[in-house]
Amino acid sequence: MASRTRGAERRREPLSRERIVAAAVELLDTVGEGGLTFRALAERLATGPGAIYWHIAGRSELLVAATDAVLTAAAVGDEPDATPHETVRALALGLFDAIDEHPWVGAQLVGTPSQSPMLPVFEQLGRQVRALGVPQGAWFSAVSALWNYILGVAGQNAANARIPQPTTDRTAYVGSVADHWAALDADRYVFTRTVADQLREHDDRAEFLTGIDLILTGITAHRWPTG
């Protein structure tokens, strides 16, 4: 009886594009991109697929809108006193956390590079690169280096987090990998054996930000061609 009442309440709520996109994000988080169908979405919203098509033209548009919603929530505003370096770090970390929470987002950003979800992020990174004094002829290269690092590392981190079984403790899993590294042949893997303990103790978010710092340091120190 209570379930029937909740269903009736949901049907009485006005169906809007915002409600549809929010439900799509929830569905994507639960079952992944393969499970996102208009039938499944209609069941979640207690409506018919035809009502959804009134607001969203198709599945591709829905994926773009869902990705845009996640990135908009993760976006950081321009702090008046923040340096370009600080702004890039905050933006990058927001994206890292968003892709970690919604791993399907990374695939969408890679798969739709020319569509709207990517462009505001690309623009914000570009403004900070320009503020760092990078010559205009090198803007695209500098922003691309940051963008590719953010997407690559954040996407790989989200994938790695789902390799162990859900009941596996991350510390135990990383520890087992570190033990494997430490036991490798000493002549063939001298470097890998040496950093095994660093793997065991590392923090993914901290390592990600270290990489951002290294790239930003390189961008500002690099002698870009001025022609």
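Mentor: Keep in mind that this is a predicted model. Let's start inside: the largest nonpolar core has 51 residues, and those with the most contacts within it are Leu41, Leu62, Leu125, Leu146, Trp147, Phe208 and Ile212.

Trainee: Which helices supply at least two residues of this core each?

Mentor: Helix 2 (17-31), helix 3 (38-45), helix 5 (59-74), helix 6 (84-101), helix 7 (104-111), helix 8 (118-131), helix 9 (139-160) and helix 13 (204-221). Helix 9 gives the most, with nine residues.

Trainee: And what does Leu41 touch, leaving out residues up to four places away in sequence?

Mentor: With those set aside, Leu41 touches Ile20, Ala23, Ala24, Leu27, Ile52 and Leu62. Contact here means heavy atoms within 4.5 Å.

Trainee: Why are helix 9 and helix 13 called roughly antiparallel?

Mentor: Look at the angle. Helix 9 and helix 13 pack at about 170 degrees, with their axes 10 Å apart. Angles over 145 degrees count as roughly antiparallel, so helix 9 and helix 13 get that label. Helix 9 passes helix 13 in a right-handed crossing.

Trainee: Which residues make that contact?

Mentor: On the helix 9 side they are Ala142, Ala145, Leu146, Tyr149, Ile150, Val153 and Asn157. Helix 13 brings Asp204, Glu207, Phe208, Gly211, Ile212, Ile215, Leu216 and Ile219. By class, the contact of helix 9 with helix 13 divides into 11 nonpolar, two polar and two charged residues.

Trainee: What makes helix 6 and helix 9 roughly parallel, then?

Mentor: Helix 6 and helix 9 pack at an angle of about 30 degrees, and their axes are 8 Å apart. The cut-off for roughly parallel is under 35 degrees, so the pair of helix 6 and helix 9 qualifies. Their crossing is right-handed.

Trainee: Which residues meet there?

Mentor: Val88, Ala92, Leu95, Phe96, Ile99 and Asp100 of helix 6 meet Leu146, Trp147, Ile150, Leu151, Val153, Ala154, Gly155, Asn157 and Ala158 of helix 9. The contact of helix 6 with helix 9 splits into 12 nonpolar, two polar and one charged.

Trainee: Now Thr194: is that residue buried or exposed, and how do you know?

Mentor: Thr194 has a relative accessible area of 56%. Exposed means over 50%, so Thr194 is exposed. Thr194 lies in helix 11 (residues 190-194). Thr194 and Trp181 are 13 residues apart in sequence, and their C-alpha atoms are 8.7 Å apart in space.

Trainee: Why does Ala46 count as partly exposed?

Mentor: The relative accessibility of Ala46 is 24%. Buried stops under 20% and exposed begins over 50%, so at 24% Ala46 counts as partly exposed. Ala46 sits in the loop between helix 3 and helix 4 (49-53). Its backbone deserves a look too: Ala46 has a positive phi of about 55 degrees although it is not a glycine.

Trainee: Zooming out, how many helices and strands does the chain have?

Mentor: The chain comes to 13 helices and zero strands. Of its 227 residues, 35% count as buried.

Trainee: And what share of the contacts with a separation of 6 or more comes from residues 24 or more positions apart?

Mentor: Those residues account for 67% of such contacts in the chain.

How values were computed. Residues are numbered from 1 along each chain as its sequence is written. This is a predicted model: local features need pLDDT of at least 70, side-chain atom pairs count only at pLDDT 80 or more; totals for chains, interfaces and linings use all residues. Side-chain values use heavy atoms; hydrogens and water are left out. A nonpolar core is a set of buried Ala, Val, Leu, Ile, Met, Phe, Trp, Tyr and Cys residues joined through side-chain atoms within 4.5 Å. Buried means under 20% relative accessible area, exposed over 50%, partly exposed in between (1.4 Å probe, protein chains only). Helices (H or I, at least four residues) and strands (E, at least two) are DSSP runs, numbered from the N terminus. Axes are lines fitted to C-alpha atoms, for helices over the stretch in contact, and angles run from 0 to 180 degrees between N-to-C directions. Angles under 35 degrees count as roughly parallel, over 145 as roughly antiparallel, 65 to 115 as roughly perpendicular and the rest as oblique. A crossing is left-handed if the near helix is turned anticlockwise from the far one by less than a right angle, and right-handed if clockwise. Ala, Val, Leu, Ile, Met, Phe, Trp, Tyr, Cys and Pro count as nonpolar, Asp, Glu, Lys and Arg as charged, and the others, Gly among them, as polar.
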